[in-house]
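I opened this notebook to keep track of what I looked up in the model, entry by entry. The entries follow the order in which I went through the chains.

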Amino acid sequence: MLGFHFCKVTGVSMAPRIPENSYVFIVPWLKIFNLKEGCLLKVFHPKYGVIVKTLAKVDRNGLFWLKGHHKSSVPIEKLGPVGKAQIQGKVLWVFKPS
Amino acid sequence: MLYDILTTIDKKFCFQQVSAHCDIPCKIYDPISAQIAALTIIRMVDLLGELQKTSSLSLAQQAQFLRCVNQKEQHGLKVKEEINIIWGDYFKAPQIKQFPELHDLVHNIMLASSKAKQHISKEDALALLTLVNRFAEIFWTTKQVNTYIATCPYPPAQSIVYPALSV
């Protein structure tokens, strides 16, 4: 309704960029613009549910490949590509626990 | 400060949670599953051998034959899966350095498991168990746990490497 929302991050796969229990500020409609590699996305994944990941690559078919940052993160090939319809928003700010 | 404000709002309105999903290394490894699967293959071979003694199979015996073959197949795959997980996830460079035979041993288990699946041969099934027992022995040694060999207290009553765990 407001064109943005906050989410709480669980899990450590995005550490140190997004430590566990951080809050992320998400703007859903920003996904209509060109998404660049390295940006943080909120995605609905068919296997892992609602996740937050970094955009690793946009392939020639227009599919989005995602990655984590921590060594325990699910690898990029296991996550597989997602379509734009599965992207629920772009993370604009991260509020880390102090 | 902003974080504290968000925490307060979260407590009141409960923000949606997004998962930064991980493959959590659970560190729970035990070769006993592979050993039991190898024992099951031997047991299935024994049961199939008993069916072989009759000249023609009744409907019930045909059903049992199918079940035994299916179970033998499934447990052959289970041996492979269990061994692969421990080999791939647990064993690291220091343990491999300690036991240079490990890669060959695992490969031989894969081959022996396929062979045990392909044939109804007690010899092949026992060969698989011997290899899996050696794998278990190496595994427990790397964890500084002594092992002993005992006959399992159920059919097919074969020798198994057990960890000597103290209370």
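I take helices (H or I, at least four residues) and strands (E, at least two) as DSSP runs, numbered from the N terminus. I note that this is a predicted model, in which local features need pLDDT of at least 70 and side-chain atom pairs count only at pLDDT 80 or more, while totals for chains, interfaces and linings use all residues. Residues are numbered from 1 along each chain as its sequence is written, and chains are lettered from A and ligands numbered from 1 in the order in which they are written.

Entry on one residue. I began with A:Leu40, which I found in strand β3 (residues 40–45) of chain A. I call a residue buried if 20 or more other C-beta atoms lie within 10 Å of its own, exposed if 12 or fewer, and partly exposed in between, with C-beta atoms placed from the backbone. A:Leu40 counts as buried because 20 other C-beta atoms lie within 10 Å. For contacts I require that the C-beta atoms of two residues, placed from the backbone, lie within 7 Å; leaving out residues up to four places away in sequence, A:Leu40 touches A:Val52, A:Thr54 and A:Val91. I also looked up A:Gly68, which is 28 residues from A:Leu40 in sequence and 9.9 Å from it in space, C-alpha to C-alpha.

Entry on chain A. I list one helix and seven strands for chain A, in the order β-β-β-β-β-α-β-β from the N terminus on. Of its 98 residues, 35% count as buried.

Entry on the interface. I find 27 residues of chain A in contact with 15 residues of chain B. On the side of chain A that touches chain B, β1(A) gives the most, with five residues. I then checked strand pairing, for which DSSP must find at least two bridges between two strands: β1(A) pairs with strand β1 (residues 16–19) of chain B in the parallel sense over four bridges, and A:Lys8 stands opposite B:Gln17 in β1(B).

Entry on the cores. A nonpolar core is here a set of buried Ala, Val, Leu, Ile, Met, Phe, Trp, Tyr and Cys residues joined through C-beta atoms within 7 Å. The largest has 26 residues, and B:Ile41 and B:Leu128 are among those with the most contacts inside it. I see that α6(B) gives the most to this core, with nine residues. A second, separate core of 25 residues includes A:Leu40, where I started, together with A:Val24, A:Val74 and A:Val82.
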